[in-house]
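Let's take a walk through a protein model together. Keep the picture open and find each residue as it comes up.

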Amino acid sequence: MNIPQHVAIILDGNGRWAKSKGMPRNYGHAQGSKNVERICEEAWRMGIKYLTVYAFSTENWNRPADEVNALMKLLRNYMKTCLSTAAKNDMKVRVIGDITRLDADIRKRILELEEATRNNGGLNFQIAINYGSRDELIRAMRGLAGDCAAGKVRPEEINETVFERYLDTRGIPDPDLLIRTSGEQRLSNFLLWQLAYTEFYFADVHWPDFTKEELLKAVRAYNARDRRFGGVKEVTDV
């Protein structure tokens, strides 16, 4: 079986999962956070080299204040957990998104986590926090425009390769497979540039119920598509 090198996941359905069990939304977010650790381990065992998850979007600030505060508390705790998980699994962690809006203590923990894991040789794990693809593209264009104004880049030199150096994902290969859980079928402002040639898979289960078996189903679906330049076709001999 052909294992995708890079899988990106939109972690959807935590709140609905909790509601279905008569629990508050924050309980769903907590259980979803625990599931991230499990799927990281399963992805690496499966042979996936890069895993990128959409944890907190630029639009998530519009949620009720108590939910946002709970998510920030969960993020603080997760940074600690992720450090021990990364050490145990030799995982390299990188945060993408604009972290300047986050509280100083969270920013500090992110930088410490990235520094502590930068030489690890296991799974390359990217966490999108305060991330929105339109925001990323605008920040990239501002950086490129500034370098053009400073004479560091000539406009005629600009191509895809040059532009990608200004993205949050610079140095990371584009995803081969995007998974979105909970049955929704939209990108929600996630990796718009990077997903240009990515295969999409939409799982009906909510994120806390997304298991190793569900990941394997997604990879099998990926294998059932004959990837060609300009499009794909279904194959039946997998």
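Which residue lies over the face of Trp61? That's Arg101, sitting 4.2 Å from the ring centre. Keep in mind as you look around that this is a predicted model.

Now head inside. The largest nonpolar core has 43 residues, and the ones touching the most other members are Ile9, Leu51, Phe125, Ile127, Ile129 and Ile179. Helix α3, running over residues 65–89, gives this core its largest share, with 8 residues.

If you skip its neighbours within four places in sequence, Leu51 is in contact with His6, Val7 and Ile9, with Ile39, Cys40 and Ala43, and with Leu123, Asn124, Phe125 and Gln126.

Next, let's look at rings. A pair of aromatic rings is described by the distance of the centres and the angle of the planes. Searching the whole structure turns up 8 aromatic pairs. Take Tyr54 and Tyr131: their ring centres are 6.0 Å apart and their planes meet at 80°, and because an angle over 60 degrees counts that way, the pair is edge-to-face. These two come from distant parts of the chain, with Tyr54 in strand β2 (residues 50–57) and Tyr131 in strand β4 (residues 124–131), 77 residues apart. Both tyrosines are buried. Ring pairs also bring in Phe190, linking Tyr54, Tyr131 and Phe190 into a cluster.

For another kind of arrangement, find Trp207 and Phe210. Here the ring centres are 5.4 Å apart and the planes are at 20°, so this pair is stacked. Trp207 and Phe210 are buried too.

The largest pocket holds about 700 Å³ of space. It is lined by 32 residues, and Leu11, Asn14, Tyr54, Ala55 and Phe56 are the closest to its centre.

How many cavities of 30 Å³ or more does the structure hold? There is 1. The largest cavity has about 40 Å³ of space, and among the residues lining it are His6, Thr52, Gln126, Thr169 and Leu191. You've already come across His6 and Gln126, as contacts of Leu51.

Key
Residues numbered from 1 in each chain as written. Predicted model: local features only at pLDDT ≥ 70, side-chain atom pairs only at ≥ 80, totals over all residues. Heavy atoms only, no water. Core = buried A, V, L, I, M, F, W, Y, C linked by side-chain atoms within 4.5 Å. Buried < 20%, exposed > 50% of the residue type's maximum accessible area, 1.4 Å probe, protein only. Helix = DSSP H or I, 4+ residues; strand = E, 2+ residues; numbered from the N terminus. Contact = heavy atoms within 4.5 Å. Phe/Tyr/Trp six-rings, centres within 6.5 Å; stacked < 30°, edge-to-face > 60°. Lys NZ or Arg CZ within 6 Å of the ring centre and 35° of its normal. 1 Å grid on protein atoms, 1.4 Å probe; cavity = no way out; pocket = protein on both sides within 12 Å on 5 of 7 lines; lining within 4 Å. Points joined across faces, edges and corners; volume = space filled by probe spheres on them.
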